[in-house]
Amino acid sequence: TTKLILLDSLLQETTVKNTMSLTEGVLARVMKGEDVGEFNVQVLGTKVIQSAGQERHRLLISDGQHSNSLSMLATQLNHMMHNKSLENFTIVKVKKHVCNQVAGGKKVLILMEMEVVKPGSEVGRKIGSPVQILSDGSAPPPSAGNQNKDPNVGAMKRPSDTSNSAPPTKVPATTRSVLSSVPASTGGHVISPIASISPYQNKWTIKARVTSKSDIRTWNKASGSGKLFSMDLMDESGEIRATAFKEQCDQYYDMIQVGKVYYISRCSVKAANKAYSKLNNDYELTFKDNVLVEPVTEDDASEVPTLSYNFANISDLSAAGKDAMVDVIGVCKSSQEPVNITTRAGKELTKREIVLCDQTNAEVTLTLWGSTAERFQGDDNPVVAVKGARVSEYNGVTLSGGDVLLNPDFDHGHKLKAWWEDGGKNADFNSLTVQGQRSGGSGADTASLKTVAEVKLENIGYNSDRGEYYTCLGTISYFAKDKALYKACPNQVEGRECNKKVQDNGDGSYRCEKCSMNLNNFKWRLMLSLNVGDYTDGIWATCFQEHAEKLLGMSSEEVGNLQERDEERFNAVFGEASFKSYVFRMRAKADTYNDETRVKHTIVGIDNLDYMALNRQYIKEIEAMGGVVPDKVNRDLYV
Amino acid sequence: MSEQKSSPSLRVNAALLGRYIGQSVHIVCEVQEINAAEVRVICCDGQPITIKKSPNQNIETSDVSRNVEIIAKVIDERTAELESAIPIPGGENFDFATYNEMVKLANNRFSDLFS
């Protein structure tokens, strides 16, 4: 008995000693924002999280009185996890931390600098009976003990000594076999992995995070009208697209939010339409009439991976290339009001431009559309994370679209906000978006090229007084060579050449009416009429001096001389220049003459063809004409 | 070239040779080695084949590029008999990958257009 009493008092002593090595009660003060200096806590659990494409660790720490499961290890301390110095029960001294408020009123404790006081193996047990601090950072009233609390809340890797009678311990995501349906945590649902969804099995429930959500699209055709919205869903096993039509569309559109997790069941499964989605799944889902959609709290959802971002620095965007899809995170420096525009096709769109900047001291304009544009709040310079924005070469570099998350809860976002507050907001920014600038790249891409038939069909040039511009890839079939040259006044007027057509007086002198002068010389200048055509049609266009010389390969002076002296070679010049192909930039402008309105097409730019790029583009288009081959299929069998 | 062609040229890569045994095909490739009796080339799909020739036949490659178009009669899946060859003009930057895609499309999915 003496031995037992001795043992017991020894244990008590040890307990007291150990509690003294923790800074009891500090967590409540830290989460309130108090300046506490350095403090000691005990690590009770750790979990790897994939966040923003980065390895992050979430910790459950305790000060003996309270525990906090919303603690994140700053990435510079990841090595402490790698070298196993943060095993459970380890006592650490936190030397530097920051407490951040994130969307949803939650407070996150970020541990930035720490050192080990005593390794877990030496401590060997949980000190005290800490009570979980609430997600808003407040301590629960003292009477709420945590003995009955579901050990799975917060999804920590718990010490296994106490939880035998509790609901099944959550297995860390990394060791779970993805293809077996594991009895789920809360909610009473049996969860299946997304990767196991097939048309052959109708009863399944998935627990998935919404990674993207489209606006509601409505249509009204002869065959009927309808509406839908779509979303991308993701869990650890994979991803899948889901669409809700009509009543389900109305019912769930507002409820479903990007970034949140839901139990979803009772959808029909069909083959995926790859034209609308690049997701890696042969199937896609449609909400049935009796679909089940149940929100999952974040605490219960931590095994579902968060959106993975691959952020590019804003300064790197100019290298991204036209039409690249990028993820970007930055502080919203300024934003404009949303505007309503009508496209040429008659569609009404809401558009909003905001400017994002980051610590590379670069800024770029991001265009938001639809409901994203309307909902956006830019008043307090929020951190904006965008997934899947498209890079466009309009006005230098601009971004368009993408899924937008404001003030996201991850390290990158916290760091950006800290940089901004610390003086980033006063920095000089290099703007990638420049008004009126066309950035480099090969002339026009084939998507914006018009065929001549389209130009005629669309009545380009008739719709506006000022003239409309278009680009076409055409071949010159004919030059009106006999009227190509004219004699021009060589006078310099106010630093520029007069160039007006002169009258031939017949005696070796020439009269310029504009300068009111007789001159005894002139300059040959070109005004070419030519026929440009493609496989659809041909059109007459005019081409002036500079471009004409480019097409003929010699100066107007030389062409003029040949016309006077060597008819054969003169004809040959035009013959050589015929049947060459270029990308023509054209201006179509309506001209009214004697009650007759005709559109005149003028060449304002000529680019040589980039055959390699065109061939690559054509191969893609040819392939697409035969139908798109799904990614997983061996292309060589079909191509 | 002596025969009159009445149908479109057959353009192939190494993988397609076996389909046209006994026929004359156009092979766009890069010359690796020229001997008296044969020429080793890499086809547009990256695979090597052997072109048999007689000692007095010659394959011209330009100064800057070894890319040629060879017209040959197919003997088997890896061999063909040289009929004629021309260097590809401006050929040092020839985009074999895109050309190969075209060859595949023309011989498989869209072969109707080329028969």
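How many of the residues in chain B score at least 70 in pLDDT?

1. The share is 94%, and chain B averages a pLDDT of 87 (pLDDT being the predictor's confidence in each residue, from 0 to 100). For the complex, the predictor gives an ipTM of 0.85 and a pTM of 0.42.

2. Ground rules: this is a predicted model, where local features need pLDDT of at least 70, side-chain atom pairs count only at pLDDT 80 or more, and totals for chains, interfaces and linings use all residues. Residues are numbered from 1 along each chain as its sequence is written, chains are lettered from A and ligands numbered from 1 in the order written, and side-chain values use heavy atoms, leaving out hydrogens and water.

3. Over all chains there are 11 aromatic pairs (Phe, Tyr or Trp rings, six-membered ring for Trp, with centres within 6.5 Å; planes under 30 degrees apart are stacked, over 60 edge-to-face, the rest tilted). One of them joins Trp419(A) and Trp420(A), tilted at 55° with 6.2 Å between centres. Both Trp419(A) and Trp420(A) are buried (under 20% relative accessible area, 1.4 Å probe, protein chains only; exposed is over 50%, partly exposed in between).

4. Phe570(A) and Phe574(A) pair edge-to-face, because their planes stand at 65°, with centres 5.1 Å apart. Both sit in helix α11 of chain A (residues 567-577), four residues or about one turn apart (helices are DSSP runs of H or I, at least four residues, numbered from the N terminus).

5. Now the charges over rings (NZ of Lys or CZ of Arg within 6 Å of the ring centre and within 35 degrees of the ring normal). Lys213(A) puts its charged end over Tyr253(A), 4.2 Å from the ring centre. Lys487(A) lies over the face of Phe522(A), at 5.3 Å from the centre of that ring.

Technical notes:
Helix = DSSP H or I, 4+ residues; strand = E, 2+ residues; numbered from the N terminus.
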